[in-house]
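Please open the structure in a viewer and keep the selection tool at hand.

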Amino acid sequence: MTLRVAAVQAEAIPGDVVANIEKAARLTAAAAAEGARLVVFPEAFATGYDDAVFDRPLPRADDLAWLAPVQAAVETSGTVVVLNSALDHGARRALTSLVLAPGRAPWAAYDKQHLHAGERAWFAPGAGGASVVVDGVEVALSVCYDANFPEHAAAAAADGARVYVNAGAYFPGGAARRDLHYAARALDNGMYVVFSGLVGAPSDFIGGSAVFDPLGRRVAHVESQEGLAVADVDPAVLDAVRDDQRMWADRRASFGARRREAVAGG
């Protein structure tokens with residue numbers, strides 16, 4: 001059975017959590033109308049990705065009532081939503097992916113583990129990975145810079161994940177690096193990769209929302225405008241790729257001691 005996923009590409013209003021959450025609810029309904037069972041939003045979509053916002057009070061993890069419009073859309077449509085936000089956890093702040101699913105309260109599922117230098121002034125890195133299972137398919141969570149590290153997706157694949165979702169915010173000039181990273185994570189691990197990117201304010205974010213298949217091919221994408229990248233995750237394709245492309249099965253647990261010899265010039 002396939003799992004239809006939707007990567008949202010949209011602009012968030014910096015600091016306007018109410019407006020952003022209402023927009024997320026509308027986009028959840030739109031994705032569900034296209035048959036999506038899993039909807040992924042960009043990095044810090046609830047708050048906007050903005051230094052000025054990060055320096056002010058943030059939504060709190062101990063009171064998630066502000067997510068009610070999205071939860072209502074989830075209950076109506078039956079979809080599962082991954083919504084990233086800058087979040088106040090009390091003793092720390094994090095860039096957190098919240099998960100909303102029908103019939104249960106939203107929860108803070110994953111905190112971004114790899115922080116850019118500028119983010120470290122406000123946020124603490126997450127302590128561990130996280131996955132959710134949607135319609136029998138294990139889906140690993142990541143946020144933007146996490147995907148730059150091959151071992152992050154590899155650890156998720158080793159734990160059984162078949163889909164790697166990433167909420168991101170790429171600045172102008174980052175398109176080639178962005179697409180290379182996500183395609184490589186897909187091919188390296190024989191898994192689908194779903195990337196959801198911000199566009200617009202306050203930093204002219206460039207989007208690039210896309211779904212990559214286990215061969216690293218981009219099978220759905222959105223250009224520079226707002227929209228949805230919708231594609232089906234097919235477990236049969238995953239199995240066939242892993243049977244044919246043996247990198248995952250053939251990788252070594254250890255390469256042993258490294259031998260080093262000087263052959264010229266000391």
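This is a predicted model: local features need pLDDT of at least 70, side-chain atom pairs count only at pLDDT 80 or more; totals for chains, interfaces and linings use all residues.

Beyond the four places on either side of it in sequence, H152 is in contact with Y110, Q113, H114, L141, S142, D146 and Y164. Next, colour residues 150-158, which form helix α4, the helix that holds H152. Is H152 buried or exposed? H152 counts as buried because its relative accessible area is 12%, under the 20% limit.

Now turn to the largest nonpolar core, which has 45 residues. Select L38, V139, V163, Y164, V165, V194 and V233, the members that touch the most other members. Strand β7, residues 137-143, provides the largest share of this core, with five residues. Then centre the view on V233: leaving out residues up to four places away in sequence, V233 touches M1, T2, L3, V5, V137, V163, Y192 and L238. Apart from this core lies another, of 38 residues, including V17, A24, W66 and A169. In soluble globular proteins, nonpolar side chains tend to be buried together.

The last stop is a cavity. A search of the whole structure finds one cavity of 30 Å³ or more, and the largest cavity holds about 30 Å³ of space. To display its lining, select L187, D188, N189, G190, V241, R242, Q245, M247 and W248. Which helix gives the most to this lining? Helix α5 does, with three residues. Helices α5 (175-189), α6 (235-244) and α7 (247-250) each supply at least two lining residues. Coloured by class, the lining shows four nonpolar, three polar and two charged residues.

Technical notes:
Residues are numbered from 1 along each chain as its sequence is written. Side-chain values use heavy atoms; hydrogens and water are left out. A nonpolar core is a set of buried Ala, Val, Leu, Ile, Met, Phe, Trp, Tyr and Cys residues joined through side-chain atoms within 4.5 Å. Buried means under 20% relative accessible area, exposed over 50%, partly exposed in between (1.4 Å probe, protein chains only). Helices (H or I, at least four residues) and strands (E, at least two) are DSSP runs, numbered from the N terminus. Contact means heavy atoms within 4.5 Å. On a 1 Å grid over the protein atoms alone, a cavity is a set of points where a 1.4 Å probe fits but cannot get out, and a pocket is an open set with protein on both sides within 12 Å along at least five of seven lines; lining residues have an atom within 4 Å of a point. Grid points are joined across faces, edges and corners, and a volume is the space filled by probe spheres set on the points. Ala, Val, Leu, Ile, Met, Phe, Trp, Tyr, Cys and Pro count as nonpolar, Asp, Glu, Lys and Arg as charged, and the others, Gly among them, as polar.
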